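Welcome, and thanks for opening the viewer. Have your selection tool ready, and we will walk through a few stops together.

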Amino acid sequence: MENMLSVSHLCKDYPSFSLKDVTFNIKPGEIMGFIGRNGAGKTTTLKSIMNLIHYENGEIKAFDLDMTENELENKQRIGFALSELNYYPNKTIRQLMNVTKRFYKNFDEKKFDEVCKLFNLNIDKKLEELSSGMKVKYSVAIALSHKAELLILDEPTSGLDPVSRDEILDIFREIVKSGDRAILFSTHITSDLDKCATNITYIHNGSIIFTGKKADFINSYLFVKDKSKNKSLEKEYIACKELDDHIEGLISRENKDIFIKNGIEPVEPDLEQIMIYLERRDSHETFAL
């Protein structure tokens with residue numbers, strides 16, 4: 001099995017938004033961060049993958065099997081969670097587990113108890129009593145207990161405090177360590193990707209602008225801080241902004257010599273800087289306060 005998930009030419013139309021030719025693959029052992037601004041199409045893509053919404057065109061395969069034709073079989077092998085658990089808030093984790101396990105032929109209740117203990121998750125607590133971090137751990141515990149090979153998670157770290165986020169990312173790294181599982185998770189928290197992602201898929205206004213190794217994505221760009229405020233160089237930036245004492249912005253790595261010749265030394269960017277300036281490229285708002 002070359003790919004655990006293959007999304008090819010996915011298109012979905014709404015009156016005011018469209019997914020346009022979305023294509024990417026995930027291999028065993030990978031953690032793919034699915035990034036983009038709010039409203040870029042992340043959740044729509046994930047719901048399409050899970051056949052929760054109708055899409056107009058495209059092909060989606062999980063474990064080399066067509067997702068539509070083999071939906072029940074594939075979903076036995078996928079752990080999926082949207083950004084917020086809000087169903088049956090007055091039920092305990094144990095009660096929810098007793099309902100959920102009926103849907104999975106390989107559900108291992110003993111494994112669930114072991115994972116909950118590992119996560120310090122009290123299974124006699126009601127869902128409404130759980131913190132956001134504990135809800136994510138509950139979703140992961142369910143996935144691991146029915147032996148899910150692919151986890152698809154929508155904004156799993158959104159709203160978590162830094163300590164809880166770090167714990168969840170440690171869990172993600174542990175899950176894929178054996179090389180036979182993979183994780184796709186959407187996020188706009190770029191520091192999470194710095195810590196655990198092996199791959200990046202970047203969606204912008206419904207279109208994929210990059211998919212591949214995280215290192216390749218970062219290595220395509222450099223960050224510049226020009227204290228001389230050389231206006232003649234502005235056309236060489238992908239996007240930039242002028243601050244009180246300097247101009248800063250993102251450049252293509254292939255343009256670095258232009259800046260070096262002008263006495264400006266570009267530096268390696270982080271994911272947040274790349275995302276900010278790629279998005280800024282298409283939106284140059286002027287604010288009047």
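Predicted model: local features only at pLDDT ≥ 70, side-chain atom pairs only at ≥ 80, totals over all residues.

Which residue forms a salt bridge with lysine 235? Select glutamate 236: that is the partner of lysine 235, and their closest N and O atoms are 3.8 Å apart. A salt bridge here is a side-chain nitrogen of Lys or Arg within 4 Å of a carboxyl oxygen of Asp or Glu. Lysine 235 itself is exposed, with a relative accessible area of 66% (buried means under 20%, exposed over 50%, and partly exposed in between, with a 1.4 Å probe and protein chains only).

Residues are numbered from 1 along each chain as its sequence is written, and side-chain values use heavy atoms, leaving out hydrogens and water.

The structure holds 17 salt bridges. One of them links arginine 77 and glutamate 149, with 2.8 Å between the closest N and O atoms. Arginine 77 sits in the loop between helix H2 (71-75) and strand E6 (78-81), and glutamate 149 in the loop between helix H5 (132-145) and strand E7 (150-154), so this pair ties together parts that are 72 residues apart in sequence. Helices (H or I, at least four residues) and strands (E, at least two) are DSSP runs, numbered from the N terminus. Arginine 77 is partly exposed at 24% relative accessibility, and glutamate 149 is partly exposed at 22%.

Then select helix H6 (residues 162-176), where aspartate 170 and arginine 173 lie 3 residues apart, about one turn of the helix. They form a salt bridge whose closest N and O atoms are 2.1 Å apart. Aspartate 170 is partly exposed at 36%, as is arginine 173 at 31%.

**Last stop: the sheet**

Show the open sheet of 4 strands, with the order E2-E1-E4-E5 and antiparallel pairing (two strands pair if DSSP finds at least two bridges between them). Its edge strands are E2 (18-26) and E5 (65-66), each pairing on one side only. Strand E4 (residues 57-62) is joined to E5 by 2 bridges, and lysine 61 stands opposite aspartate 66 in E5.
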